Amino acid sequence: LELFYLLGLRSLQFAWNFDNKYCASCMSTKDYGLTGDGERLVGLCNELGVIIDISHASKKATIEILSASKLPVIASHANARAVWEHVRNLDDEQLQAVRNNRGAVGVNLIWPSLSEKPSVVAVADHIAYICAHFDEDLCAIGTDYFGLLDHPEPEGLEDVTKFLNLWKELADRGMSTNTIEKVSYTNALRVIESNAERWR
């Protein structure tokens with residue numbers, strides 16, 4: 001981690017869809033959570049100000065990472081399981097733990113984790129749920145445009161130039177300009193700046 005830090009690394013995702021020596025993934029058959037090596041990695045990330053990304057981590061690992069981290073973390077691309085049941089989405093306990101950590105959850109555009117008919121409306125559903133049930137300071141955007149796994153983009157969000165459609169959808173639902181700004185960039189920026197205070 002120290003070598004990659006010197007090369008410019010400032011954010012680290014602890015897992016993808018496979019078991020590793022640091023933590024269990026969302027696809028692990030046995031959720032063993034955060035390992036001893038994982039705990040040490042959390043500590044080193046905090047020391048260096050490397051932003052911890054819990055995307056793809058298992059539920060137990062997510063809770064334990066959030067408990068161990070002294071700095072805000074991100075789920076760079078994850079949605080709300082209460083809105084759409086999917087192994088990659090975060091349940092209410094996980095969302096509350098991210099909120100308690102002062103972190104941010106980047107709602108993504110990956111078809112299987114959004115809805116049966118992915119669209120700008122479905123993306124807004126996840127954002128609205130997180131803001132209404134937890135905190136407007138929790139939600140961010142984490143498109144994962146480069147990781148859609150051969151699935152088409154949601155209708156109305158085919159590329160970044162279409163994001164005005166999302167802001168309009170949220171505004172039409174009664175979301176304030178201040179909250180939309182938080183979702184669009186200031187929540188993510190807050191997490192970055194909190195970690196950046198330790199950058200050398």
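Modeller: Secondary-structure elements are DSSP runs numbered from the N terminus, helices (H or I) having at least four residues and strands (E) at least two. The model is predicted, so local features need pLDDT of at least 70 and side-chain atom pairs pLDDT 80 or more, while totals for chains, interfaces and linings use all residues. Residues are numbered from 1 along each chain as its sequence is written, and side-chain values use heavy atoms, without hydrogens and water.

The loop between β5 and α6 holds Asp144. Although Asp144 is not a glycine, its phi is positive, at about 60°. Most residues other than glycine have a negative phi. With a relative accessible area of 25%, Asp144 is partly exposed (buried is under 20%, exposed over 50%, partly exposed in between, with a 1.4 Å probe and protein chains only). Pro152 belongs to the loop that joins β5 (139-141) to α6 (163-172), and at 44% relative accessible area Pro152 is also partly exposed. Further along the chain, 35 residues from Pro152, comes Asn187; the C-alpha atoms of Pro152 and Asn187 are 27 Å apart.

His56, a residue other than glycine, has a positive phi near 80°. Its relative accessibility is 7%, so His56 counts as buried.

His56 leads on to the largest pocket: with Asn17, Arg88, Ile110 and Leu149, His56 is among the 16 lining residues and lies nearest the centre. A pocket is an open set of points on a 1 Å grid over the protein atoms alone, where a 1.4 Å probe fits and protein lies on both sides within 12 Å along at least five of seven lines; lining residues have an atom within 4 Å of a point. The volume of this largest pocket is about 220 Å³, taken as the space filled by probe spheres set on points joined across faces, edges and corners. Its lining comprises six nonpolar, eight polar and two charged residues (Ala, Val, Leu, Ile, Met, Phe, Trp, Tyr, Cys and Pro are nonpolar; Asp, Glu, Lys and Arg are charged; the others, including Gly, are polar).

The second largest pocket has a volume of about 150 Å³. Of its 18 lining residues, Cys26, Ala57, Lys59, Val87 and Gln94 lie nearest the centre. Seven nonpolar, seven polar and four charged residues make up that lining.
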